[in-house]
Each structure stands twice: as C-alpha cells, then as structure tokens.
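This briefing covers aromatic contacts and sheet architecture, grouped by topic. The structure is shown first.

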Amino acid sequence: MKSGLLVVVSGPAGVGKGTVVSRARKKNKNIVYSVSATSRKPRPGEKDGTNYYFVSRERFKEMIRKQELVEWVEYCGNFYGTPRAYVEEQLKKGRIVLLEIEVKGASNIKKQYPECVSIFIAPPDLDELKKRITNRGTEPPDVIEERMRRAEKEMEHISEYDYVVINDTVDNSSNRLLEILEIELEAANKRMCESQ
Ligand code: 5GP
C-alpha cells in the first residue's frame with residue numbers, strides 16, 4: 001500500500017501560488033488539487049469546478065452545518081473552505097493532495113492532519129507583490145489595499161510553515177516545490193512501511 005501526502009500551500013494572494021502549483025501538477029501526475037468552495041463571485045475567466053466551486057453564502061453555511069468541509073474561513077468578506085470527501089478519497093488512493101489555502105486554514109489543517117506538509121510561497125518583496133496584484137487588473141483599488149494589508153499579516157506566519165519557497169520565477173519555484181514533494185512522499189512511505 002502507498003501512502004498519500006497532504007500538502008498545504010499558502011502565500012499572500014497575488015504571489016502566484018496558482019501558477020506555481022499548476023506548473024508542478026503538469027510535471028507530476030500524482031499531484032491532485034483540491035478545488036475549494038467559495039462564496040466569492042468568479043473573476044473573469046474563472047470556471048466553476050476548476051478554480052472553485054462557486055456557491056451562495058446560504059449553500060456555504062449548509063456545507064458547514066453538514067460538516068462537508070475539512071476547514072473553512074471568512075477572508076476579506078467571503079467564505080472559503082476545503083471539501084472533505086475529495087481530500088479523504090484521494091489520500092486513500094496514495095495521491096499528493098494539494099490545498100491552496102490561507103494561513104488560518106493551514107493551521108486548522110495542521111491540527112487535524114499533523115503529518116501534513118506545509119509550504120509558504122513568498123514574494124521576493126512586498127513591492128513586487130503589489131505590482132503583481134495591480135497588474136492582474138481584476139480588483140478595484142480598495143480591494144487591492146485590503147489584500148496588501150492581509151498579505152503583510154500573512155507574512156508574519158511564515159515561520160509556522162515547514163518550507164518557504166520564494167517565487168522568483170515560476171520555473172524555479174515549481175521545481176523546488178516538486179523536490180519538496182518527492183522528498184516528503186518518500187519519507188511518508190518510509191514511515192508507513194516502518195509502522196506495518
Ligand atoms: P482568492 O479570492 O484570491 O482566490 O483567494 C483568497 C485567499 O483564500 C487565498 O489566500 C487562497 O489561498 C485562500 N483560499 C482559497 N481556498 C481556500 C480554502 O478552501 N480554505 C482556506 N482557508 N483558504 C482558501
């Protein structure tokens with residue numbers, strides 16, 4: 001039997017986590033991505049079931065009540081949460097399951113799954129981050145300011161993570177992410193063998 005690996009990836013919004021994660025997934029087909037549920041409205045180009053499951057606030061609250069989520073948070077006025085069923089099913093299949101979630105959710109996951117691996121993707125510096133969020137052009141100025149404040153707060157949690165990857169280029173960071181995943185999956189399999 002093969003061990004699965006639960007991996008939490010965090011980093012300030014706009015740091016490029018999504019791009020790094022999808023590049024890594026293209027190179028390692030054993031990596032699956034857990035699509036979160038959110039009450040946020042889709043941005044242009046975002047697809048339901050691919051980027052998020054876009055649900056109403058009412059449906060989200062029902063998911064909380066029915067314990068359909070492993071963790072959830074309210075972030076900048078919207079709900080975000082990780083659907084439980086998919087994570088459990090994929091871990092049983094021996095997959096590397098990536099959760100791309102913010103710092104509070106990451107700490108909740110660590111409590112429930114102490115063997116999970118946590119990785120923080122950081123910008124080279126905060127000015128660079130503001131440039132990236134502004135260039136994305138999808139958020140109005142007040143939302144950009146709120147996200148920048150939140151980003152600074154999130155950076156304070158960097159030391160709680162097992163690994164930090166500085167996103168200088170997508171190639172470098174996705175390769176570094178893949179290296180970490182290989183090392184950690186091997187270690188998880190070793191632990192599993194030893195315990196049998
Ligand atoms: P965005 O609105 O930019 O897509 O996401 C805002 C923040 O919510 C990001 O930091 C993203 O990683 C985080 N996020 C996305 N899905 C989840 C989730 O299921 N749980 C938690 N805790 N955070 C999430």
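At 7% relative accessibility, Tyr75 is buried, where buried means under 20% relative accessible area, exposed over 50% and partly exposed in between (1.4 Å probe, protein chains only). The model is predicted, so local features need pLDDT of at least 70 and side-chain atom pairs count only at pLDDT 80 or more, while totals for chains, interfaces and linings use all residues. Residues are numbered from 1 along each chain as its sequence is written, and side-chain values use heavy atoms, with hydrogens and water left out.

**Aromatic rings**

- Rings of Phe, Tyr and Trp (its six-membered ring) pair if their centres lie within 6.5 Å; planes under 30 degrees apart are stacked, over 60 edge-to-face, the rest tilted.
- The count under this rule is six aromatic pairs.
- Tyr75 and Tyr80 make an edge-to-face pair, at 5.8 Å centre to centre with 90 degrees between the planes.
- Tyr80 is also buried, with a relative accessible area of 12%.
- One aromatic cluster consists of Tyr52, Phe54, Tyr75 and Tyr80.

**Sheet**

- An open sheet has five strands in the order 2-7-1-8-9, with parallel pairing; strands are DSSP runs (E, at least two residues) numbered from the N terminus, and two pair if DSSP finds at least two bridges between them.
- Strand 2 (31-33) and strand 9 (163-166) are the edge strands, each pairing on one side only.
- Strand 2 and strand 7 (residues 96-100) run parallel and are joined by three bridges.
- Tyr33 has Leu98 in strand 7 as its bridge partner.

Conventions:
Helix = DSSP H or I, 4+ residues; strand = E, 2+ residues; numbered from the N terminus.
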